[in-house]
There are 2 protein chains.
Amino acid sequence: MTDAHGQLSATPRTSLRRMKEKGHHDRAALLDVLRAGFVCHLGALVDGDPMVVPTVYGFDDRHLYLHGSVASRSLTTDTDVCVTVTVVDGLVLARSVFEHGVNYRSAMVYGRPRWVTDTEEKLHGLRLLTEHVAPGQWDHARRPNRRELAATALLALPLAEASVKTRSGPPDDGDSPDAALGLWAGELPLVARWQQPVTDPALPPTAPVPAHVAARAGTRVDRH
Amino acid sequence: MTDAHGQLSATPRTSLRRMKEKGHHDRAALLDVLRAGFVCHLGALVDGDPMVVPTVYGFDDRHLYLHGSVASRSLTTDTDVCVTVTVVDGLVLARSVFEHGVNYRSAMVYGRPRWVTDTEEKLHGLRLLTEHVAPGQWDHARRPNRRELAATALLALPLAEASVKTRSGPPDDGDSPDAALGLWAGELPLVARWQQPVTDPALPPTAPVPAHVAARAGTRVDRH
């Protein structure tokens, strides 16, 4: 469903409706949002009704890998799922309530997931997932043993059908009749940052924090 | 589906599986998560497949109100939806990759939504939504006129069937055999804060920022 130029297919469900916002169908925009996000929301059918569960993910050029423990109950792999990653960048405060909005980056990936059973691919997917969420930890922490690998449910979803929507910038009513109201309008940006690490109370408080963890304090979650 | 004590019903789809995490079925815990969240993810069926869209919300004791413009295409109101609000509080860095996790607060609300058509209820819902997302703006900005009200799609979902899950605290492997590895472990908290407001470039840069907007800079998004 991608052409030779890496364009994502524009299927009916990925077509865009809100014209004030920006839509993208290219792979680079998709990967940008996946990189910026931290958790995704997986929507799947359970007994015929949609269920939306938050979970962590990793990705490469071809697949999104989702941690399946939360989702284990949530899905059979004989129906499509929708995985949405959303980064909120701020609030748009307009002159009218009607024009208020949110600045955001969001990606929706659709498709039929499969459970990863091959050991090599499972290690690959878990490494991607770990390094997306907790860079440096794949090399720092003890890697999964055979028993843990078997106990870990990992879903793979092809990065083939997706849409990306973003909104940024000031409110849209700066040149509308409402401008005459003389009200303040603008943006209130929102930034999520990693804080100082908190050592496990089971360790001595003087236990040295690894450099790759300490370096993350103060950095933005959306800037990998 | 709530009893006299305000307990939420524990239906099969809200029953809890991951025993290390905390599950709640009381209304106070649900309202806490709804207060702490900023956007929700609405899962609905579109042509038989799940679609998950981010949108803003407001709530009172009885209903969740969802802004429908993003969702207009997404749903008919003849099937159930699932609305999930997730607040990520940090990363759990354990001795083993297997025990890594996320500290979070999450609420899932299930039910059959309806489009709000009554003008009074629509104003009520839009006020709740505006004041949840942008406190103070309902009184500051121009309120919706008749045309805008008609053009605004608002969904109401009863707060009747829901589950809340949270995880907090240090990793779980502090007393496991992995403790002997001598690796650092702990938490990396994540906090999202409102930044300094950015005045619309259509206004003079000296336009005074209203007190209720200026006061928000530096505050946490999850602390209303």
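Residues are numbered from 1 along each chain as its sequence is written, and chains are lettered from A in the order in which they are written. Because the model is predicted, local features need pLDDT of at least 70 and side-chain atom pairs count only at pLDDT 80 or more, while totals for chains, interfaces and linings use all residues; side-chain values use heavy atoms, with hydrogens and water left out.

Chain A contains 5 helices and 11 strands, taken as DSSP runs numbered from the N terminus (helices: H or I, at least four residues; strands: E, at least two). Of its 224 residues, 56% count as buried, where buried means under 20% relative accessible area, exposed over 50% and partly exposed in between (1.4 Å probe, protein chains only). Among contacts in chain A with a separation of 6 or more, 72% are between residues 24 or more positions apart, contact being defined as heavy atoms within 4.5 Å. Helix 1 of chain A (residues 27-36) is mostly covered, with 7 of its 10 residues buried. These are R27(A), A29(A), L30(A), L31(A), V33(A), L34(A) and A36(A).

Chain A is superposed on chain B by a rotation of 180° with 0.0 Å of shift along the axis, at an RMSD of 0.0 Å. This is the relation of a two-fold axis. In chain A, the C-alpha nearest the axis belongs to A192(A), at 1.9 Å. The superposition was by least squares on the C-alpha atoms of residues with pLDDT of at least 70 in both copies. The same surface serves both copies, since 100% of the contact residues of chain A recur in chain B.

At the interface, 88 residues of chain A are in contact with 89 residues of chain B. The area buried between the chains is about 7200 Å², of which carbon and sulfur atoms give 67%; buried area is the accessible area (1.4 Å probe) that two parts lose on being put together, summed over both.

The largest nonpolar core has 60 residues, and F38(A), L91(A), F38(B) and L91(B) touch the most other members. A nonpolar core is a set of buried Ala, Val, Leu, Ile, Met, Phe, Trp, Tyr and Cys residues joined through side-chain atoms within 4.5 Å. Apart from this core lies another of 58 residues, including M51(A), V53(A), L66(A) and L64(B). Leaving aside neighbours within four places in sequence, L91(B) is in contact with F38(A), V133(A), A134(A), W194(A) and R216(A) of chain A, and with G101(B), G186(B), E187(B) and L188(B) of chain B.

A94(A) lies in the loop between strand 5 (81-93) and strand 6 (101-111) of chain A. A94(A) is buried, with a relative accessible area of 0%. Beyond neighbours within four places in sequence, the contacts of A94(A) include P171(A), D173(A) and W184(A), together with Q137(B) and A141(B).

Over all chains, 24 salt bridges were found, a salt bridge being a side-chain nitrogen of Lys or Arg within 4 Å of a carboxyl oxygen of Asp or Glu. Across the interface of chain A and chain B there are 4. In one salt bridge, R95(A) pairs with D200(B), the closest N and O atoms being 2.7 Å apart. In another, R142(A) pairs with D178(B), also with the closest N and O atoms 2.7 Å apart. R142(A) lies in the loop between helix 3 (137-140) and helix 4 (146-151) of chain A and D178(B) in the loop between strand 9 (161-167) and strand 10 (186-194) of chain B, so the pair joins two chains. R142(A) is partly exposed at 22% relative accessible area, whereas D178(B) counts as buried at 13%.

Within chain B, R95(B) forms a salt bridge with D173(B), with the closest N and O atoms 2.9 Å apart. R95(B) lies in the loop between strand 5 and strand 6 and D173(B) in that between strand 9 and strand 10, so the pair ties together parts that are 78 residues apart in sequence. Both residues, R95(B) and D173(B), are buried. In chain A, salt bridges that share partners join D89(A), R105(A), R220(A) and D222(A) into one network.
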